[in-house]
Amino acid sequence: MAAKMIVILGGGVGGLVAANELRRLVHPEHRIVLIEKNRQHAFAPSFLWLMTGDRQPAQISRPVRDLVRPGVELMQAEARSIAKAEDWSATEAEIQQAADARADAALSDARTRADELQQKRRVQMDGELAKHQVQLNEIDAAVKAGKAEITAMQQKQGKLTEELAALEQKLKAAKEAARKVLA
Ligand SMILES: Cc1cc2nc3c(=O)[nH]c(=O)nc-3n(C[C@H](O)[C@H](O)[C@H](O)COP(=O)(O)OP(=O)(O)OC[C@H]3O[C@@H](n4cnc5c(N)ncnc54)[C@H](O)[C@@H]3O)c2cc1C
């Protein structure tokens, strides 16, 4: 029997299981080709935990490559059309178009990963900045609190000085009164 090529479109839950099971079941002379546009496989049922904040994206994602059995040919590309059986003899232009599509997908994936890395770095930097801002705020708060304490002490001191002056006045008046009585 002539070797066949089995192409599976989409490496989601269904595609991965189909590719792995077919690889297990069919003779190795037949090729199993899995076409998946994304490099990472995200386990959709766990999106619920992502929404509630109980999981991080990295905890529910795995590289598609790690999930396929040896012998499954993984093609990371976006399928754009399916040719009819009678059109299967691809022309040079179609082969070029397919290659361009793969290059586009790889480029778009690289851009996405670069954006993700940049975003991650930005979040880290914001975090660092926030830490320093907190420290600055703490210093500011300490200086402010210190100034308030000094002002309060100065006010207290002023009040005590006034009270002392009033007492001295009273003492003077009492002494005066006593002198008059004794005279
Ligand atoms: C929040 C949530 C909770 C769920 N909970 C459960 C549950 O508890 N139990 C349960 O049984 N099911 C659950 N499901 C459903 C389950 O996840 C789906 O039924 C299952 O993922 C469908 O598998 P699939 O392979 O058909 O499609 P998908 O898993 O969606 O896979 C399709 C794949 O095809 C790829 N693809 C698409 N277009 C192209 C293209 N043009 N070229 C190349 N690749 C392409 C995609 O990137 C994707 O990887 C849940 C789904 C969600 C969203």
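Q: What should be kept in mind about confidence and numbering here?
A: This is a predicted model in which local features need pLDDT of at least 70 and side-chain atom pairs count only at pLDDT 80 or more, while totals for chains, interfaces and linings use all residues. Residues are numbered from 1 along each chain as its sequence is written.

Q: In what order do the strands of the sheet run?
A: Three strands form an open sheet in the order β1-β2-β5, with parallel pairing. Strands (E, at least two residues) and helices (H or I, at least four residues) are DSSP runs, numbered from the N terminus. Two strands pair if DSSP finds at least two bridges between them.

Q: Which strands stand at the edges?
A: β1 and β5 do; each has a single partner strand, so one side of each is left without a neighbour in the sheet. The twist averages 25° from one strand to the next, where axes are lines fitted to C-alpha atoms, for helices over the stretch in contact, and angles run from 0 to 180 degrees between N-to-C directions.

Q: And how many bridges join β2 to β5?
A: Five bridges join these parallel strands, β5 being residues 72–76. I32 stands opposite V72 in β5. On the β1 side (residues 5–9), β2 also pairs in the parallel sense over five bridges. There, V7 stands opposite V33 and L9 stands opposite I35.

Q: Changing topic, which residues come nearest to the ligand?
A: Of the 17 residues around the ligand, G10, G12, G14, A44 and P45 come nearest. A residue counts as near if its C-beta atom, placed from the backbone, lies within 6 Å of the molecule. The elements giving two or more residues to this shell are α1 (13–25), β2 (31–36) and α2 (47–51).

Q: Which of them gives the most?
A: α1 does, with three residues. Helix α1 also belongs to a right-handed β-α-β unit with β1 and β2; right-handed means that, with the strands pointing away from the viewer, the path from the first strand over the helix to the second runs clockwise.
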